[in-house]
Structures are given as C-alpha cells and as structure tokens.
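The stops below are meant to be followed in order.

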Amino acid sequence: MAKTKLHKYERVKQLPNVTFSQFGEKTTPGSYPWFQAPFADMEKILELGCGKGEHSLAFAVAEDLFCVGIDIKSDRICVGAETAMAAGQTNVHFLRAPIERIREFFEEDSITEIWLTFPDPHLKNRSIKNRLTSPAFLDAYAHLLVPGGTVHLKTDSDTFFDYSRDSVEQWGGQIISSSENVHDDEGVILRGCGTVSAFDAEARSQGKAIKYMAFTLEK
Ligand SMILES: C[S@@+](CC[C@H](N)C(=O)[O-])C[C@H]1O[C@@H](n2cnc3c(N)ncnc32)[C@H](O)[C@@H]1O
C-alpha cells in the first residue's frame with residue numbers, strides 16, 4: 001500500500017471532526033456530535049459517498065447549516081477533514097461508516113437534504129441492490145428526511161441515472177428537477193453550484209455529461 005495512504009489512515013484517527021462507526025455499538029443517534037450543542041438546532045445536510053468531501057466543504061460555506069460527509073474510506077475522508085480544519089470550518093463533520101447503516105447515526109425527520117455525489121453505479125446485475133437509489137436506501141432516506149426534504153443526485157452514469165428515475169417513481173417519490181447536463185444547464189442552480197469533485201473532474205475530462213436530479217420521498 002502507498003505510504004501516503006497509510007499516513008492518512010493514521011492521521012484521520014486524530015482528527016476531532018471525524019467520527020468512526022464501530023460495529024455493534026450501542027450509541028443512539030442523538031449522542032453524535034451533529035445533534036449536540038452548538039449544532040443541535042442547525043439545518044442538517046448529508047453527503048453520502050463523499051470521498052474527499054468537496055461538496056460537503058462547499059455546502060458548509062453557508063454558516064447556518066451543518067453538513068456531514070459519509071464514506072467508508074477513511075483515507076479519502078482524511079483529505080476533506082484536514083481541509084475543513086485548516087479553513088476553520090466547524091459546521092462540517094465526517095463519518096466513516098457504511099451507508100447501509102445510516103439510520104443508526106441520524107434521527108427520524110432530522111435531515112433537510114441528502115446528496116448522492118457520483119455514487120458507484122454497480123453495473124453488474126447481481127449488485128443492483130447496492131445502488132444508492134435502490135428501494136432499501138430510499139426507505140432509509142424517507143425515514144431521515146424532514147417533511148418536504150430533498151434528495152439530490154449527480155452522476156455521469158446513464159445506467160444509474162435511468163435506474164434512479166424508475167426506482168424513485170416506483171417507490172412513489174416525486175422528481176422535482178432533472179438535467180441531462182447540469183454544468184451547461186442555466187435552468188438549474190445547485191447548492192455549492194461551482195463544486196467539482198474528484199470524480200466529477202475525471203468524468204468531465206473524459207467528455208462525459210453530468211446528470212442531475214432532485215426528488216422528494218413523502219412517507
Ligand atoms: C465514485 S466515488 C465518489 C466520491 C465523491 N463523492 C466525488 O464526487 O468525488 C464513490 C464513493 O462512495 C463511497 N462508497 C461506496 N459505497 C459506500 C457505502 N456502502 N458506504 C459508504 N461509502 C461508500 C466510496 O468509498 C467512494 O468514496
């Protein structure tokens with residue numbers, strides 16, 4: 001394994017703005033930092049599969065909200081968490097956890113927006129259930145979102161985009177905004193609109209269009 005990656009695995013453990021999930025822990029959602037003072041009453045936004053957290057950092061420029069970036073890879077989280085520390089951004093935090101366990105960390109009806117930023121498309125038939133817009137994940141998002149809360153998806157994968165639209169509609173959700181090429185679409189203004197993450201940049205360097213949709217999931 002590359003030395004720089006190993007260093008990040010060590011450094012990230014010391015960062016005060018990173019929480020590590022433990023398997024089998026008995027903690028309740030309310031005990032995590034994002035539900036504690038002084039953040040308890042702030043609007044909450046989640047970025048799932050945040051990687052290096054470029055979107056979370058951009059969202060947290062608005063000081064009246066609290067953003068949590070979640071990823072399973074702590075070396076990627078390390079980059080975002082160290083950037084937040086260096087910039088003095090206290091309203092962004094990172095959680096190293098599998099998204100499959102997201103209900104353990106957040107209370108019901110507590111999240112305003114959930115962002116899926118370039119989720120793995122899981123193109124093989126046997127892994128379709130792992131797509132972040134498959135029914136079990138939509139159930140979890142509906143549980144966490146406040147009434148009227150929204151899910152936002154950015155992806156360069158046509159397969160994932162088309163699947164997500166069908167999955168949301170079959171679930172009974174409502175697509176409220178959609179674009180086939182969001183970076184060139186003046187009709188869609190996104191939160192943190194100029195944000196270009198590592199995977200966004202990679203896709204665009206290959207000439208791929210970035211697709212976007214926003215949807216609601218009323219229970
Ligand atoms: C394609 S990358 C996108 C990263 C970042 N959002 C970006 O735009 O550059 C997908 C990210 O999702 C994370 N991920 C995939 N499945 C996950 C899961 N089940 N739980 C937590 N993180 C996951 C990966 O570790 C990876 O960092």
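**Before you start**

This is a predicted model, in which local features need pLDDT of at least 70 and side-chain atom pairs count only at pLDDT 80 or more, while totals for chains, interfaces and linings use all residues. Residues are numbered from 1 along each chain as its sequence is written.

**Stop 1: the whole chain**

Traced from the N terminus, the order of elements is α-β-β-α-β-α-β-β-α-β-α-β-α-β.

Now zoom out. The C-alpha atoms occupy a box of roughly 40 × 40 × 35 Å along the principal axes. The radius of gyration of the protein chain is 17 Å, which agrees with the value near 17 Å for a compact globule of 219 residues. That radius is taken over C-alpha atoms, and the globule rule is 2.2 Å times the number of residues to the power 0.38.

Of the 219 residues, 39% count as buried. A residue is buried if 20 or more other C-beta atoms lie within 10 Å of its own, exposed if 12 or fewer, and partly exposed in between, with C-beta atoms placed from the backbone. Among contacts in the protein chain with a separation of 6 or more, 77% join residues 24 or more positions apart. Two residues are in contact if their C-beta atoms, placed from the backbone, lie within 7 Å.

**Stop 2: the largest nonpolar core**

Select Leu46, Ile114 and Tyr141. Which core do they belong to? They have the most contacts inside the largest nonpolar core, which has 45 residues. Such a core is a set of buried Ala, Val, Leu, Ile, Met, Phe, Trp, Tyr and Cys residues joined through C-beta atoms within 7 Å. Helix H4 (residues 135–144) supplies the largest share of this core, 5 residues.

Centre on Ile114. Leaving aside neighbours within four places in sequence, Ile114 is in contact with Leu46, Leu48, Tyr141, Leu145 and Val151.

**Stop 3: helix H4**

Select H4 and show its side chains. Which residues of H4 are buried? They are Phe137, Leu138, Ala140, Tyr141 and Leu144. These residues lie on the same side of H4, because they cover an arc of only 160 degrees around the axis. The arc is that of the directions from the helix axis to the C-beta atoms. An α-helix has 3.6 residues a turn, so residues three or four places apart point the same way.

**Stop 4**

**Stop 5: backbone details**

Go to Pro38, in the loop between strand S1 (18–20) and strand S2 (43–48). The peptide bond from Ala37 to Pro38 is cis, with omega near 5 degrees.

Move to Asp109, in the loop between strand S4 (92–96) and S5. Asp109 is not a glycine, although its phi is positive at about 55 degrees. His122, in the loop between S5 and H4, also is not a glycine and has a positive phi, near 45 degrees.

**Stop 6**

- Cys193 sits in the loop between strand S7 (174–179) and H6, and counts as exposed with 10 C-beta neighbours inside 10 Å.
- Lys129 is in the loop between S5 and H4, and is exposed with 11 other C-beta atoms within 10 Å.
- Ala214 is in strand S8 (residues 211–216), and counts as partly exposed with 18 C-beta neighbours inside 10 Å.

Finish with the contacts of Ala214. Outside four places in sequence, they are Thr150, Val151, His152, Ile176 and Ser177.

Key
Helices (H or I, at least four residues) and strands (E, at least two) are DSSP runs, numbered from the N terminus.
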